[in-house]
Amino acid sequence: MLLLIIKFLLIIIPILLSVAFLTLVERKVMAAIQIRRGPNVIGFGFFQPLADGLKLLIKELIIPLKGNKLLFMFAPVLFLAVSLTIWVVLPFKNVSVSQSNLAVLVFLAISSLSVYGLLLGGWASNSRYAFLGAVRSASQMISYELILGLLVFFAVISGISYNFVDLIKAQHSTANIIFYFPIFLIFLVAILAETNRTPFDLTEAEAELVAGYSVEYSSAPFAFFFIAEYTNLIIWSHVTSILFLGGWNYLILPFFLPPFISFVLKSFLVLIFFIWIRATLPRYRFDQLLQLAWRFYLPSVLALVFITIILYRITL
Amino acid sequence: MTFFIFLSLLLLTFILITPNIMHGLLGLILLFGNFALFLFLLDLPFLGFAYILVYIGAICVLFLYIILLLNLRIYPLIMRTSFYFASVIGILFITTLISTLFFSKSLLIPPYKYSIIPLEDLTLYTQYLFEAYPLYLLVAIFLLLVALIIALSTTSTMAYIEDSRKLSKKIYTSN
């Protein structure tokens, strides 16, 4: 029992720390792109996330009078819990909390539950802006979840396993990115839409919706939403490095690095890519986003899945 | 296993009885989760996780979405059906509820005991359903068809939605 708790803490504490410093990295990279200095006051900018977190926790918690109080407090907790639970099945160099043969399916099943947090949180705060943001985010996440689920199955087809460790071992000579490069690009776009990142951050479009589903939230619940969003981003970059970049195999990166470092470095490069996109691209319109999902990505990805399955059936 | 069957029937009655549609949806999510656990117990983990992914992750979200968008808070169906009809169905339901407690153990063969050859989850489960309980399967299919037709015929008139809006307005303004 104690060992299990230590195992969970060994995962949760580094995740929270990495979320904190991801925000710092994001601000620094965006500042560099926009030729600014970024955060540079508190410990030369290094302790800025800690100061921000402290500020958030000290703030007053305001609960809307006519909202549903129980759901209002429950939604951020659910969102954070779901995004932390996903780490149970993700491997770190042959080690994960639970070694499941159905890890990919468990991952997809748990990550599909995170919509509830947003939807209930937006509805319970009894505000038009929050509700519209929640509805938008829910429809966006559902449509792109479908595409992501299909795209994950490309790696599953070529690895012939539902276990993440097997999928990485299957890429010992060539990473999946080489075979599936166009699919990898669609995967990146779908991740951006799924995690509500910038070209698709229509849930938090400031000009239209103030701040989306988290308008009414302040203090710790807001911090929960914030941490969960960034955790989801880290999870998806981690999964990208597992499914397409070859995990801890030395494929793209130089040989002298230890395997775990190269694994983490790959996911970090994906994260930097997301931040780069945030600093450069303008926002999409909502109907364009959904048309992209349902009219272009879904039929093409479905056709590609069938073609890949048929090719594997013929060749194996 | 008996406990899970009992719980699922209990949740079903809760969904039918409750006037608050949000509670009904919560019951539905619990029912799906319950059935997923039931599948885990039957040694069909793949189907269990697929069930969570499809039903809780997608279909229930769509239900929730529609409920939130239409702002339906009160479910008027229970006030429209006649009391005698409802009581007959209720008595039938309760008798099945109690009978499962006593008879389900002898009824159920775990699917992994059913097939000698190791099969995939989906093949095993479908073969199990079609060969061990063909009659129950046919009844379930017929009930599903009836439910589809009823849903189509009731929602084709917008009167239900209008009524529910009026009702919820009445209740929420009186508080």
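**Ground rules**

I am working with a predicted model, where local features need pLDDT of at least 70 and side-chain atom pairs count only at pLDDT 80 or more, while totals for chains, interfaces and linings use all residues. Residues are numbered from 1 along each chain as its sequence is written, and chains are lettered from A and ligands numbered from 1 in the order in which they are written.

**Chain B**

I looked up the make-up of chain B and found nine helices and zero strands. Helices here are DSSP runs of H or I with at least four residues, strands are runs of E with at least two, and both are numbered from the N terminus. Along the sequence, chain B reads α-α-α-α-α-α-α-α-α.

Next came burial. I call a residue buried if 20 or more other C-beta atoms lie within 10 Å of its own, exposed if 12 or fewer, and partly exposed in between, with C-beta atoms placed from the backbone. By that rule, 14% of the 175 residues in chain B are buried.

For contacts, I count two residues whose C-beta atoms, placed from the backbone, lie within 7 Å. Taking contacts in chain B between residues at least 6 apart in sequence, I see that 65% join residues at least 24 apart.

**Where the chains touch**

The classes are nonpolar for Ala, Val, Leu, Ile, Met, Phe, Trp, Tyr, Cys and Pro, charged for Asp, Glu, Lys and Arg, and polar for the others, Gly among them.

The axes of helix 4 (residues 103–111) of chain A and helix 3 (residues 45–70) of chain B come within 8 Å and cross at roughly 25 degrees. Axes are lines fitted to C-alpha atoms, for helices over the stretch in contact, and angles run from 0 to 180 degrees between N-to-C directions. Angles under 35 degrees count as roughly parallel, over 145 as roughly antiparallel, 65 to 115 as roughly perpendicular and the rest as oblique. Helix 4 of chain A and helix 3 of chain B are therefore roughly parallel to each other.

Which residues meet in helix 4 of chain A and helix 3 of chain B? Leu105(A), Val106(A), Leu108(A) and Ala109(A) come from helix 4 of chain A, and Phe46(B), Phe49(B), Ala50(B), Ile52(B), Leu53(B) and Gly57(B) come from helix 3 of chain B. I sorted this contact by class into nine nonpolar, one polar and no charged residues.

I also noted Cys60(B), which sits in helix 3 of chain B. Cys60(B) is buried, with 21 other C-beta atoms within 10 Å. Not counting residues up to four places away in sequence, Cys60(B) touches Leu25(B), Leu28(B), Ile29(B), Phe32(B) and Tyr55(B).

**Two helices of chain A**

The axes of helix 1 (residues 2–33) and helix 12 (residues 259–280) of chain A come within 9 Å and cross at roughly 50 degrees. Helix 1 of chain A and helix 12 of chain A are therefore oblique to each other. From helix 1 of chain A, the contact uses Leu22(A), Glu26(A), Val29(A), Met30(A) and Ile33(A), and from helix 12 of chain A, Leu271(A), Ile272(A), Ile275(A), Arg278(A) and Ala279(A). By class I count eight nonpolar, no polar and two charged residues there.

Arg27(A) is also in helix 1 of chain A. Arg27(A) is partly exposed, with 18 other C-beta atoms within 10 Å. Leaving aside neighbours within four places in sequence, I find Arg27(A) in contact with Gly38(A) and Pro39(A).

**The core**

A nonpolar core is a set of buried Ala, Val, Leu, Ile, Met, Phe, Trp, Tyr and Cys residues joined through C-beta atoms within 7 Å. The largest one has 102 residues, and Leu119(A), Leu151(A) and Ala190(A) touch the most other members. Helix 6 (residues 128–159) of chain A gives the most to this core, with 13 residues.

**Positive phi**

Ile35(A) has a positive phi near 50 degrees without being a glycine. Is Ile35(A) buried or exposed? Ile35(A) is exposed, with 6 other C-beta atoms within 10 Å.

Asn196(A), not a glycine either, has a positive phi of about 55 degrees. Asn196(A) is buried, with 23 other C-beta atoms within 10 Å.
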